[in-house]
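Reader: Please take me through this model step by step, giving the general idea behind each feature before the case at hand.

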Amino acid sequence: MASAIVFILHIIFIFTIFFIKKKNESLSSAFQNVILIIILFAIAWAFITMIVNQLIEPQGFGKEFDRDGISLVIVTIIESIFYYKYYKKDLVTEAGKEIQ
């Protein structure tokens, strides 16, 4: 269940960034950002899975939160911090002012 939620959040995030970048910059910039997100997700997931496999038993913390789910949640937390800082300038309020 945790894995499905993480993948859905990533898909929503990819579509959001794609449309924001397409609107503010260009179509090629939007595709570049999507590729960046996919590559960073894949590399981070592989790296964190390697670490989690050494630290946690195969069953993890239950049927729905096994090692893969744990590594996906950790990747999502790390990516959230990174993407917040990276895309901070693209987040705009309803008034049209940048978030400070």
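Author: Helices (H or I, at least four residues) and strands (E, at least two) are DSSP runs, numbered from the N terminus. Read in this way, the protein has three helices and zero strands, and from the N terminus on its elements run α-α-α. This is a predicted model, in which local features need pLDDT of at least 70 and side-chain atom pairs count only at pLDDT 80 or more, while totals for chains, interfaces and linings use all residues. Residues are numbered from 1 along each chain as its sequence is written, and side-chain values use heavy atoms, with hydrogens and water left out.

Reader: At what angle do H1 and H3 pack, and how should I read the value?

Author: Axes are lines fitted to C-alpha atoms, for helices over the stretch in contact, and the angles between N-to-C directions run from 0 to 180 degrees. Under 35 degrees counts as roughly parallel, over 145 as roughly antiparallel, 65 to 115 as roughly perpendicular, and the rest as oblique. Helix H1 (residues 2–24) and helix H3 (residues 67–86) pack at about 25°, their axes being 9 Å apart, and H1 and H3 are therefore roughly parallel to each other.

Reader: How do H1 and H2 cross, and how do H2 and H3?

Author: The axes of H1 and H2 cross at roughly 155° and come within 7 Å, so H1 and H2 are roughly antiparallel to each other. For H2 and H3, the axes come within 9 Å and cross at roughly 135°, which means that H2 and H3 are oblique to each other.

Reader: How many salt bridges does the structure hold, and is Lys21 buried or exposed?

Author: A salt bridge is a side-chain nitrogen of Lys or Arg within 4 Å of a carboxyl oxygen of Asp or Glu. The structure holds one, formed by Lys21 with Glu25, whose closest N and O atoms are 3.1 Å apart. For accessibility, buried means under 20% relative accessible area, exposed over 50%, and partly exposed in between (1.4 Å probe, protein chains only). Lys21 counts as buried because its relative accessibility is 5%, while Glu25, with a relative accessible area of 45%, is partly exposed. Of the 100 residues of the protein, 27% count as buried.

Reader: Which residues form the nonpolar patch on the surface?

Author: Patches are made of residues with over 30% relative accessible area and no salt bridge, like charges being joined within 9 Å and nonpolar side chains (Val, Leu, Ile, Met, Phe, Trp, Tyr) within 5 Å. Areas come from the Shrake-Rupley method with a 1.4 Å probe, and for residues only the protein chains shown count as cover. Here Ile35, Ile38, Ile39 and Ile43 form the patch, with about 380 Å² of accessible area together. Ile39 is found in helix H2 (residues 27–55) and is partly exposed, with a relative accessible area of 46%.
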